[in-house]
Amino acid sequence: MSKPSEDTLTAERPVGASRYDTVRLSHGSGGKLTLELIEELFVATFSNEPLKELTDAAILHNPGGRIAFATDSHTVKPAFFPGGDIGRLAVAGTVNDLAVMGATPLYMSAAFLLEEGYDMDELARVVRSMKVTADEAGVSIVAGDTKVLERGHGDGIFINTTGIGFLPDDVQMGVAFVRPGDKVLVNGTLGDHGIAVMSRREGLDLAVDLTSDVAPLNGLIAAVRAVAPNVRFMRDVTRGGLAAVANEVVHRQAFGLRVFDVAVPVNEIVEEYSEMLGIDPLLAANEGKVMMIVAADEAEAALGAMKAHPFGREAAIIGDIVVKPEGVALVETAYGSRRVLEMPIEEQLPRIC
Amino acid sequence: MPEVRATRDPQAPFEPHTYKDPSLVADLQRRIGELAVEIGRPVKLMHICGTHEHEMGRYALRDLLPASVDVLAGPGCPVCVCDNEYINMAIQLSLRPNTILTSFGDMLAVPGSIPLEGERRGDVRMSLLDARARGGDVRAVYSVFDAKRIAEQNPDKQVVFFSVGFETTVVAVAAMLKRGVPDNLSVIEANYYTPPATRLLPTLDGFDIEGFILPGHAVTITGLRVYEELPALGIACASGGFEPVDVLASVASLLEQVRDGAPTVSNPYQRLVKYDGNERAKAELNEVFELAPIRWRGIAEIPLSGYKLREPYWHASAARRFAGQLDEVALRGAEHPKGCRCAEVTLGQIRPDECGVFGTLCTPDSPYGPCMVSHEGTCRAWYTYGMHKEQLRVETV
């Protein structure tokens with residue numbers, strides 16, 4: 001291990017910065033450098049009481065109700081993309097998994113797998129972004145872990161987050177509560193994240209003025225539930241797009257889900273690039289979208305609550321639950337023709353011509 | 001008929017929505033219905049472009065046609081017509097030391113004819129993905145220029161570009177080769193020229209197609225003159241764009257020709273297609289490539305239907321560069337795996353769901369034949385958009 005340069009040793013470092021330029025193997029070895037990284041970066045940035053104790057496990061207050069528990073590992077290329085980064089993604093992803101179950105997310109752990117040589121300032125930016133997002137969502141990052149992989153054995157940075165939320169005993173949601181006649185809502189334009197990230201991938205480098213929608217949705221979801229207590233079902237729309245969620249809902253059920261093509265909100269730029277790249281916005285990835293199925297008489301109220309929230313301005317009622325065809329998600333086009341909205345099979349990639 | 005043939009004002013911003021306009025679609029649908037009544041018997045038409053099949057599925061355009069008008073998919077998917085020989089060559093080269101094989105993503109999952117040992121799924125043949133899993137350096141690229149960049153970045157390695165496609169993709173390869181490429185870059189010549197295949201179709205037993213929707217992208221390059229022999233064979237022709245209005249305008253134009261018993265080559269996709277094509281692109285193409293016989297997977301070897309490099313460009317031919325280093329026996333192997341009817345699907349002789357393995361042994365996540373792999377493959381489009389299911393009738397509460 002080489003010594004840190006004179007500059008980095010003497011320079012005044014902001015809170016949450018290390019005296020090292022890059023991540024060393026020793027940062028993950030459990031020794032002095034690990035402790036230094038935890039104290040200088042993670043504890044200083046995430047800044048909360050259970051974490052400061054540096055105990056083997058965080059001891060948390062239980063506000064009552066059932067526990068919702070979710071985990072997700074995150075990798076994204078590039079790690080910084082228009083509108084977000086892997087840190088915001090890692091926090092928002094787990095917050096959203098808890099929130100769509102009707103739970104209030106409160107605590108989170110963060111485990112980092114870093115590649116030897118990873119830029120320390122970039123790590124600090126990721127960690128600060130996690131803190132900002134966690135504050136926005138009202139969750140505390142109370143436990144963590146760091147491992148360093150030898151150079152060439154990792155891809156820069158992987159983050160796993162695991163979250164705990166609490167939900168009252170009377171919250172009842174799920175596919176079993178869905179009824180024909182219910183309305184299908186989304187909180188905004190679809191495909192923004194997928195196209196924004198793809199536009200920055202090597203080989204495309206499209207000059208696209210588009211940002212990812214990555215955001216924690218627990219606030220928006222709480223606002224909707226306050227005015228529409230009979231939300232039947234919610235799921236965050238991520239990889240696989242709306243098509244994946246719609247198909248999960250109808251799988252082996254005695255009802256179908258119909259999406260009206262023209263009602264689906266799609267950003268103009270996403271539409272243009274989807275056309276060019278041969279990608280369907282209904283199958284493209286999102287990181288700040290939720291699909292809700294709501295009783296018909298509460299649909300307008302739910303829509304109003306979404307639109308009043310910063311993450312739901314372009315919300316729309318995009319479809320309904322139908323009696324037949326059973327077990328099928330379908331799209332009705334502007335022309336009245338219909339096609340199956342098939343479960344996505346693989347990552348969306350541009351086609352030959 | 002609505003005015004959809006207007007040439008685009010080059011100054012005007014492109015308005016794709018015009019060609020998706022529901023009222024224009026409704027007008028065309030009505031017009032097609034009238035023509036079908038006037039004709040008074042079933043009519044079969046065919047398109048020859050994978051993108052047409054994809055768009056027909058995406059907008060469920062067959063739903064909008066009268067029962068007596070059928071539009072079948074012809075040999076228009078580059079991935080599907082690419083012969084085993086080239087896939088096998090790509091696989092062998094990818095497994096060669098110090099060699100990087102670059103390809104469009106669509107090609108990676110297509111099985112060639114080299115058997116995959118130890119597979120439980122049955123008679124499974126090796127694809128480039130299988131080669132990658134066995135240590136081959138296989139990289140998906142978006143264009144031939146990515147392959148050139150990879151060659152520049154890896155001067156100590158051989159970089160091979162798997163050049164698959166029709167007229168549209170070969171033009172980019174010609175442009176690149178003409179402007180010079182690094183010595184370590186070569187191309188697998190698997191480019192196909194459509195017109196000879198369209199002339200072969202009418203000679204097949206049981207052929208009953210009365211009109212072709214010509215591939216809109218390819219004819220921007222070649223123009224329409226190269227299809228003039230078809231009307232003489234009694235086949236109506238119309239250029240075809242890819243928006244719903246474009247496709248229906250082509251169908252309407254073909255039905256007019258059928259009704260009048262006067263087949264010709266019409267140009268409803270006039271906003272992009274010139275009758276003589278793109279002269280500059282044609283000249284460049286002709287300078288780098290010449291037409292030669294090529295095998296269309298499972299169909300036949302068709303004379304003058306493949307683009308092969310002219311002598312001054314032989315240095316960039318992978319087949320020539322690596323001649324003697326490839327296992328010639330493995331290159332030419334059996335045709336499609338047992339039970340696969342891709343060839344008949346490609347020729348429009350059967351519908352995908354008439355194939356015994358469609359949707360059971362052969363699905364997009366575990367494709368048996370090429371038509372299930374590419375997004376432009378007929379089987380893939382049918383599977384994806386549920387065209388094999390009975391018409392989607394909706395009942396509400």
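The legends below describe close-up views of a predicted model.

**View 1. The two domains of chain A and where they touch.** Chain A is divided into domain 1 (6-167) and domain 2 (175-340). Their C-alpha centres lie 29 Å apart. Contacts link 22 residues of domain 1 of chain A with 19 residues of domain 2 of chain A. On the domain 1 side, the elements giving two or more residues are α4 (86-99), β4 (104-115) and α5 (120-137) of chain A. Of these, α4(A) gives the most, with 9 residues. The residues on this side of domain 1 comprise 12 nonpolar, 6 polar and 4 charged.

**View 2. Helix α6 of chain A.** In this helix (residues 192-199), 7 of the 8 residues are buried. Among them are Asp192(A), His193(A) and Met198(A). The cover over the buried residues of α6(A) includes β2 (80-81) and α9 (268-277) of chain A.

**View 3. Two cis peptide bonds in chain A.** Most peptide bonds are trans. The bond from Lys77(A) to Pro78(A) is cis, with omega near -5°, and Pro78(A) sits in the loop between β1 (66-74) and β2 of chain A. Lys324(A) and Pro325(A) are also joined by a cis peptide bond, with omega about 5°. Pro325(A) belongs to the loop between β11 (316-322) and β12 (329-332) of chain A.

**View 4. Positive phi at two loop residues.** Arg252(A), not a glycine, has a positive phi of about 60°. Its place is the loop between α8 (241-250) and β9 (256-260) of chain A. Arg252(A) counts as exposed because it has 7 C-beta neighbours inside 10 Å. In chain B, Asn98(B) has a positive phi of about 55°. Asn98(B) lies in the loop between α4 (84-94) and β3 (99-104) of chain B and is exposed, with 10 other C-beta atoms within 10 Å.

Methods:
Residues numbered from 1 in each chain as written. Chains lettered and ligands numbered in written order. Predicted model: local features only at pLDDT ≥ 70, side-chain atom pairs only at ≥ 80, totals over all residues. Buried ≥ 20, exposed ≤ 12 C-beta atoms within 10 Å, placed from the backbone. Helix = DSSP H or I, 4+ residues; strand = E, 2+ residues; numbered from the N terminus. Contact = placed C-beta atoms within 7 Å. Domains from an automatic or database assignment. Nonpolar A, V, L, I, M, F, W, Y, C, P; charged D, E, K, R; others polar.
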